Amino acid sequence: MLQYHLSYWERETFFKPIDVAVIGSGIVGLAAAIHLKTLDPKLRVAIIERGPLPIGASTRNAGFACFGSMTELLDDQTRMSEDMMLNLVEKRWRGLQRLRALVGDDNLEFKQLGGYEMFTEDEEEVFQQCAEQIPDFNRKIGAITGYPEVYRVVDERLTGFGFRRVRHLILNQPEGQVHTGRMMEALLKRAHEKDIKIFNGITIKHLKDTSEGVELETEFGWTLRIPKILVAVNGFAKRLLAGADTTPARNQVLITHPIPGLKVAGCFHYDRGYFYFRNIDGRILLGGGRHLAQDEEKTDEFGTTELIRSALVQLLNTVICPAQKPEVDTWWSGILGLGPEKKPIIEKVSPNVVVSVRLSGMGVAIGTLVGQEGAEMLLE
Ligand SMILES: Cc1cc2nc3c(=O)[nH]c(=O)nc-3n(C[C@H](O)[C@H](O)[C@H](O)COP(=O)(O)OP(=O)(O)OC[C@H]3O[C@@H](n4cnc5c(N)ncnc54)[C@H](O)[C@@H]3O)c2cc1C
């Protein structure tokens, strides 16, 4: 790695007049920085990002604006109280409304096409469990969302979508989808409009809170000293804060070439959400399969593997688009931040450092809220 000293001009002009720096320019970092400027327009805010673009999860996700499929919520209920589960749903719902308010539906290309959970012939029992819970869930989650009939069985739509091996579909009607690229582009534009400086290509190796501000050691060998820091590095948190209770997890994704006559519209969860897919620009975006190689995928290194690629291609050709067998255009991966519980970490770890991390694979939904709450905590 290139090593050098900052010149006097670089130090005094570019890096000196900063009151708060946010590390990481994903959804959380951008939402936090924009919120800081909204709360106090005089504050000099900067973002420090290691990539030429944000390179974690925010530019690499599936763009589901989702707050809970039934098997996921029922599974959550086996690990936490019902109140906690509903609290999580409420956070996602509120987070989505904040994202929509901040970015605007047109910029997000937000489409409320619904979220579907698919059940195969082998999943009859779990489908029946979910179906029985629908009235109860509609009452409780309807109170959060304002939609009286959030969930309903829509098996009649199966033929239209052209799926094979799927017997039942449960629709979550208020769920939607966003164009991930446009969302991030709009957030970056908003940050520039607010006069937030964004420094790309700088990796922070280490940070230390001192009585004279927070020292940020960069990989180039020079150090910055900034009064207050918000850490928004999600799945990479452990590299920066050894004590962070987060584990990285890689998710692999494919997108097909455009598929003539594609009828699939919405966000779909298959095999209890271990696989997910949606329509975008006449194509299918499909990801998941991390459960097939749990240990190998607990990594913050990008990449794809033969095992998961072939599982995704098989699902595409046998279940999702059996009639068309589309060609894959490209593959990529992104890094999630997971932990022992689904609750994000929004915490002051020292007098001048707040962390907003561990989005548990739902950062489109809760990222704005997690960034904004972190910003407020930093200014308290
Ligand atoms: C494949 C995939 C699909 C997903 N699909 C969905 C979905 O459909 N719906 C949903 O709600 N959520 C989804 N998610 C989750 C969602 O994308 C994330 O929860 C969210 O983007 C996290 O945002 P973030 O800002 O916390 O982290 P990130 O977007 O990961 O941003 C962290 C940033 O910090 C930077 N960084 C890291 N370390 C350093 C350092 N030391 N110095 C400087 N910069 C650093 C990284 O380069 C990165 O840009 C998905 C995630 C993946 C990977």
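Student: Before we start, what should I know about the model?
Tutor: This is a predicted model, in which local features need pLDDT of at least 70 and side-chain atom pairs count only at pLDDT 80 or more, while totals for chains, interfaces and linings use all residues. Residues are numbered from 1 along each chain as its sequence is written.

Student: Okay, which residues of helix 6 are buried?
Tutor: They are F127, C130, F137 and I141, where buried requires 20 or more other C-beta atoms, placed from the backbone, within 10 Å of the residue's own. Helices here are DSSP runs of H or I with at least four residues, and strands are E runs with at least two, numbered from the N terminus.

Student: And what do those buried residues pack against?
Tutor: Their partners include helix 3 (70-79), helix 4 (82-103) and strand 4 (115-120), with contact meaning C-beta atoms, placed from the backbone, within 7 Å.

Student: Where does helix 6 bend?
Tutor: Helix 6, residues 124-145, bends by about 50° at I134, and the proline P135 follows within four residues; the bend is the angle between axes fitted to the seven residues ending there and the seven starting there.

Student: Switching to the ligand, which residues come nearest?
Tutor: Of the 42 residues around the ligand, G24, G26, G56, G334 and G363 come nearest, and being near means a C-beta atom, placed from the backbone, within 6 Å.

Student: Why does the ligand shell lie between the domains?
Tutor: Domain 1 (8-60 + 181-244 + 341-379) and domain 2 (111-178 + 247-338) both give residues to the shell, so it lies between them; the bounds come from an automatic or database domain assignment.

Student: How far apart are the centres of domain 1 and domain 2?
Tutor: Taken over C-alpha atoms, the two centres are separated by 31 Å.

Key:
A residue is buried if 20 or more other C-beta atoms lie within 10 Å of its own, exposed if 12 or fewer, and partly exposed in between; C-beta atoms are placed from the backbone. Two residues are in contact if their C-beta atoms, placed from the backbone, lie within 7 Å.
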